[in-house]
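User: I've got the sequence and coordinates open and want to talk through the packing. Let's take it one question at a time.

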Amino acid sequence: MARRLPPLNSLRAFEAAARLGLIKLGAEELSVTHGAISRQVQQLEAWLGVPLFDGSKHAPRLTETGRQLLPALTAAFDQMETAISQIADSAEGALDVSCPGTFTMRWLIPRLHHFQAAHPGINVRLNSSGTSSDPIGNNVDVAIRVGKAPWPIGVQVIELFNEKFGPVHAPSVVLAGASLLHTVSRRSAWADWAQRAGVETGEQGSAFYFMLEAATAGLGVAIAPWPLVADDVASGRLIAPQGFIESGLSYVTLRRQKQNRKADIFCAWLKSAAEAYAAGDRA
């Protein structure tokens with residue numbers, strides 16, 4: 001017999017908004033807009049034929065019906081999540097890893113074949129989702145980030161290595177009068193480096209989304225983290241006449257506190273790869 005249930009999305013929208021107390025917070029948890037949550041709740045109210053919230057939209061209160069429905073829905077979603085997790089948390093299957101794009105291309109991917117050779121059953125899916133305030137979103141198991149404490153609460157933090165940075169440029173670039181290249185993601189890199197190195201620099205130059213490619217092409221001098229340019233410096237595509245100094249930032253792995261065997265395996269490998277990298281650091 002077919003189940004007589006309202007749309008699942010409307011139930012999820014109501015449960016999140018009611019549990020968190022605000023439609024705005026429910027929208028943030030489900031990564032949708034405030035309007036989308038409101039429409040889903042209205043759809044559920046229309047299906048049931050009764051209101052679930054009353055009061056103003058800025059300070060909604062659950063009706064008696066809403067208060068009766070909420071605990072049953074929360075328990076049902078918790079049970080569904082547990083059942084799904086038991087299946088998804090097998091030793092095999094996909095592991096979603098969020099990582100900044102340049103670090104992914106220049107540090108993680110060149111090493112990832114070692115992990116996949118040792119663990120062929122785990123499919124690592126790389127993406128750049130997540131924000132600094134919420135790095136472990138709904139579709140992320142592990143996040144690699146560069147920054148400094150405090151890190152978001154509710155996550156396990158695994159230190160990988162400290163960051164070093166310094167000026168790099170193509171061998172063909174003449175330093176006198178060379179443009180200073182900036183990246184839109186770290187606009188203060190030159191100022192931060194100059195302060196730590198005790199030198200003065202001008203701020204003339206241009207911002208490039210692909211700053212390191214611009215530096216390799218001879219368009220100017222870039223401030224770059226050592227993990228992202230180590231291979232280029234070793235091959236001679238870039239040179240670093242002033243070396244590299246500590247930036248005050250660290251590369252870390254962030255993961256959920258709950259048990260996840262695939263994440264355990266990947267984080268252990270990542271920690272080992274980071275230790276091997278740090279042991280051979282020639283910056």
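**Helix packing and a buried leucine**

User: Is the crossing of α5 and α8 left-handed or right-handed?
Analyst: Ground rules first: this is a predicted model, so local features need pLDDT of at least 70 and side-chain atom pairs count only at pLDDT 80 or more, while totals for chains, interfaces and linings use all residues. Numbering starts from 1 along each chain as its sequence is written, and side-chain values use heavy atoms, leaving out hydrogens and water. A crossing is left-handed if the near helix is turned anticlockwise from the far one by less than a right angle, and right-handed if clockwise. For α5 and α8, the crossing is left-handed.

User: At what angle do α5 and α8 pack?
Analyst: Helices here are DSSP runs (H or I, at least four residues; strands are E, at least two), numbered from the N terminus. Axes are lines fitted to C-alpha atoms over the stretch in contact, with angles from 0 to 180 degrees between N-to-C directions. For α5 (residues 101-118) and α8 (residues 226-235), the axes lie 8 Å apart and the angle is about 45°.

User: So what class does that put α5 in, relative to α8?
Analyst: Under 35 degrees is roughly parallel, over 145 roughly antiparallel, 65 to 115 roughly perpendicular, and the rest oblique. At about 45°, α5 against α8 is therefore oblique.

User: Which residues of α8 meet α5?
Analyst: Contact means heavy atoms within 4.5 Å. From α5 come Thr 102, Phe 103, Arg 106 and Trp 107. Facing them in α8 are Pro 227, Leu 228, Asp 231 and Asp 232.

User: How does α1 cross α2, left-handed or right-handed?
Analyst: The axes of α1 (residues 8-20) and α2 (residues 23-30) come within 7 Å and cross at roughly 125°. The two are therefore oblique to each other. As for the hand, α1 passes α2 in a crossing that is right-handed.

User: Is Leu 62 buried or exposed?
Analyst: Leu 62 sits in strand β2 (residues 61-62). Beyond neighbours within four places in sequence, its contacts are Phe 14, Ala 18, Leu 52, Phe 53, Arg 67 and Leu 70. Buried means under 20% relative accessible area, exposed over 50%, partly exposed in between (1.4 Å probe, protein chains only). With 18%, Leu 62 is buried.

User: What separates the C-alpha atoms of Leu 62 and Ala 18?
Analyst: Ala 18 is among the contacts of Leu 62. They are 44 residues apart along the chain, yet the C-alpha separation is 7.1 Å.

User: Which residue does a cis peptide bond join to Ala 149?
Analyst: Look in the loop between β5 (142-147) and β6 (155-168). The omega there is about 5°, and the partner of Ala 149 is Pro 150.
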